[in-house]
Amino acid sequence: MNRTPGHPGAGVTLRDMTLDDVPAVSALEQRLFPVDAWPLQMFLDELSQPETRRYLVAQGSDGIVGYAGLMCIEPIADVQTIAVVPEYEGRGIGTTLLTALIDEARRRRAADVLLEVRADNPRAQQLYVRFGFEQIHVRPRYYRDGVDALIMRLQLAGEGTGGGKSTEGPQP
């Protein structure tokens with residue numbers, strides 16, 4: 001099992017997403033993002049591009065309880081998705097997933113990490129701000145239900161060594 005550093009909570013481990021995980025991840029996606037859920041095929045397409053993508057799952061005793069993905073085409077990395085089931089929020093899983101994605105962006109020599117977050121999701125916004133992300137733009141009515149997307153950026157270029165913050169707190 002490919003473990004990623006971090007402490008996502010008792011009984012939860014991170015590992016690379018596999019094709020076998022896609023049906024469970026897709027079901028979670030439908031549950032967590034009913035308006036904007038990715039189709040199953042999109043996860044399959046993303047996993048077929050390891051040269052520019054990395055996807056992780058958080059595995060608990062109840063199965064997959066979180067997942068996240070990164071696309072990196074130097075010099076930009078983009079957080080494609082990050083999600084934690086509500087029953088597991090507040091256990092550091094979102095923090096650990098985001099830390100792993102930022103570490104992957106550094107490994108791939110990205111200068112910046114970008115992401116979109118719903119304007120009506122302050123919990124996720126707080127997590128990103130804790131990591132040093134700053135809002136750089138708004139995409140009006142980006143989501144299918146008309147909610148704006150906040151574009152956030154974390155600048156990696158020129159920083160010293162070290163990882164993202166890994167404190168317990170709000171999760172997306």
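**The sheet and its rings**

Modeller: Seven strands make an open sheet of mixed pairing, in the order 1-2-3-4-5-7-6. This is a predicted model: local features need pLDDT of at least 70, side-chain atom pairs count only at pLDDT 80 or more, and totals for chains, interfaces and linings use all residues. Residues are numbered from 1 along each chain as its sequence is written, and side-chain values use heavy atoms, with hydrogens and water left out.

Colleague: Why is one side of strand 1 and of strand 6 left without a neighbour in the sheet?

Modeller: Strand 1 (13–16) and strand 6 (134–139) each have a single partner strand, so they stand at the edges. Strands are DSSP runs of E, at least two residues; helices are runs of H or I, at least four; both are numbered from the N terminus.

Colleague: What joins strand 3 to strand 4?

Modeller: Eight bridges, with strand 3 (residues 63–73) and strand 4 running antiparallel. Two strands pair if DSSP finds at least two bridges between them, so these two qualify. Leu70 has Val79 as its bridge partner, and Cys72 has Ala77.

Colleague: In which sense do strand 4 and strand 5 pair?

Modeller: Parallel, over three bridges, with strand 5 spanning residues 112–118. Ile76 stands opposite Asp112 there.

Colleague: What makes strand 4 mostly covered?

Modeller: Seven of the nine residues in strand 4 (residues 76–84) are buried. Buried means under 20% relative accessible area, exposed over 50%, partly exposed in between (1.4 Å probe, protein chains only).

Colleague: Why is the pair of Tyr142 and Tyr143 called edge-to-face?

Modeller: Rings of Phe, Tyr and Trp (its six-membered ring) pair if their centres lie within 6.5 Å; planes under 30 degrees apart count as stacked, over 60 as edge-to-face and the rest as tilted. By this rule there are five aromatic pairs. The ring centres of Tyr142 and Tyr143 are 5.0 Å apart and the planes stand at 90 degrees, so this pair is edge-to-face.

Colleague: Is Tyr143 buried or exposed?

Modeller: Buried, at a relative accessible area of 13%. Tyr142 has 40%, so it is partly exposed.

Colleague: How do you know that the charged end of Arg118 sits over the ring of Tyr143?

Modeller: A charge counts if NZ of Lys or CZ of Arg is within 6 Å of the ring centre and within 35 degrees of the ring normal. Arg118 has its charged end over the Tyr143 ring, 5.0 Å from the centre.
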